[in-house]
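Here's a quick briefing to read with the model open beside you. Take a look at the fold first, then work through the points below.

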Amino acid sequence: MIARSRWYGGALALSLVLAASTMAEDAAKAPALMQGFPPPAEAQVTFSNWVLPPYNRWAFQHVESLLPSRPIYRGSGPTVPLPTASKKVVARYQAAMGEGGSFDLEAYIRDNYVDAIVVLKDGKLVAEHYANGQTAETRHIMYSVTKSVGGTLAEMLIAEGKLDDTKLVTDYVPELKESGYGDATVRQVLDMLVALDFTETYGDPYSSISQFAYSAGLAPAPEGVKVYPSMYDYLPTIKKQGNHGEAWRYISATTEVLAWVMSRASGQSWGELFEQRIYSKLGADRDASVIVDPHGITFAAGGMSITARDGARFAQMIANDGKFNGQQIVSADVVKKIKQGGDPTKFKSQRPGGDERSYVSQWYLDPEINQLGAWGIHGQAFQIDMEGGIVIVTQSSWPVAGTTELWDRRAAFERAVHKALAD
């Protein structure tokens, strides 16, 4: 049984947290966004405000309407249905979440700005919940959950001998020779063990992550801030700070370096790899999509939009050791490697406590509760409870990147699901 909160993903930026009362006030003031032809000015969601509350409540479900995006085709095969769990299992969930149960699901969805939840037990659908106008057919941005998809693809290329994780990044991308990545190995990049002069401070328009976002075409830059033409123009400017391999450091730009390396090794972009190697084989309901930068480069660090059900299909495939839709989509050895986790001493250096949590291949692992996690800012998550056979996909539109209160509420929901469904 899970007895405590999960750890927080690397995207957490507590220095930028807004008070819960402020967030509630913002939500209460939310106009009926994008209603009318044209919508009134106060209800318009634009390139300038799409990540800000309350506009993000509409924007996160309509990213392709706001930013250049590439479709990730579902393939030509039939949709694979998600079979319904037994009445007994569904009843256990409903008893825990319903009136008189141990968890107030309605309050959680409201207070945590949840847009969608899909819960699976042993690959079968237990429940799905939608709010804020979202439906089962709606694509929703997943932010840094996208990283875990890319990490899986990288491990596939390594297993096939197409990518050597012991080589230097510059063996594949010599353009990065003078950057902080110049003497980093592919494995160090894959596991976020690269030491760089980079600030992942969300909400600060002058931080490194904001500069990276401007180069990706995700937001307009303030007056006087230099904007690089594309991500691949910005990445070579990042400098080293410290020694690679000593400690885990969450840096979104590092995932784009990984994607660049993967493209050079395979001859395909991140989007092409995901589409051909995984997504077209899942029997998805809908095409997914991924944001592209001004030069058409797929935003591998956080640009994927997908339906909650299709996200559940991907997460269940990982839970099934790479098998789904009657085929081995990802080799069992690759998934086993991810589920084994990384070096907890590297991860611990950036997180308090003395547990065995770790980060490997762009995935988080907590062996104490046997959970594999993919996390994204503003409340996105794939949570795979390997011991209980439970998969939870959550899509949200938090007003900020993350706060302790928001993360703790979601952890409480996870605990309630585990308690209700674990054998």
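What follows covers the sheet, one of its strands, some helix packing and the nonpolar cores.

Keep in mind that this is a predicted model.

- In general, strands of a sheet pair through backbone hydrogen bonds, and the pairing can be parallel or antiparallel.

**Strand β13 and its partners**
- On one side, β13 (residues 390-396) is joined to β2 (residues 114-121) by seven bridges, and the two strands run antiparallel.
- Two places to look along that pairing: L120 has V391 as its bridge partner, and V114 stands opposite S396.
- β13 is also joined to β12 (residues 380-385), again antiparallel, by five bridges, with D385 partnered to I390.
- The hairpin of β12 and β13 has four residues between the strands, and G389 takes a positive phi near 65 degrees there.
- Which way do the residues of β13 point? I390, I392, T394 and S396 go one way, while V391, V393 and Q395 go the other, and all are buried.

**Helices α5 and α10**
- The axes of α5 (residues 145-159) and α10 (residues 270-277) come within 10 Å and cross at roughly 75 degrees.
- Angles of 65 to 115 degrees count as roughly perpendicular, so that is how α5 sits relative to α10.
- α5 brings T146, V149, G150, L153, M156 and L157 to the contact, and α10 brings W270, L273, F274 and R277.
- By class, that contact has seven nonpolar, two polar and one charged residues.

**The nonpolar cores**
- The largest nonpolar core has 112 residues, and W50, F212, F274, I278 and F314 touch the most other members.
- What does F314 contact, leaving aside neighbours within four places in sequence? F314 is in contact with V149, T152, F274, I278, L282, W363 and F382.
- There's also a second, separate core of 22 residues, including F103, L105, I390 and I392.
- As a general point, nonpolar side chains tend to be buried together in soluble globular proteins.

How values were computed. Residues numbered from 1 in each chain as written. Predicted model: local features only at pLDDT ≥ 70, side-chain atom pairs only at ≥ 80, totals over all residues. Heavy atoms only, no water. Pairing = 2+ DSSP bridges. Axes fitted to C-alpha atoms, helices over the stretch in contact; angles between N-to-C directions. Parallel < 35°, antiparallel > 145°, perpendicular 65-115°, else oblique. Contact = heavy atoms within 4.5 Å. Nonpolar A, V, L, I, M, F, W, Y, C, P; charged D, E, K, R; others polar. Core = buried A, V, L, I, M, F, W, Y, C linked by side-chain atoms within 4.5 Å. Buried < 20%, exposed > 50% of the residue type's maximum accessible area, 1.4 Å probe, protein only.
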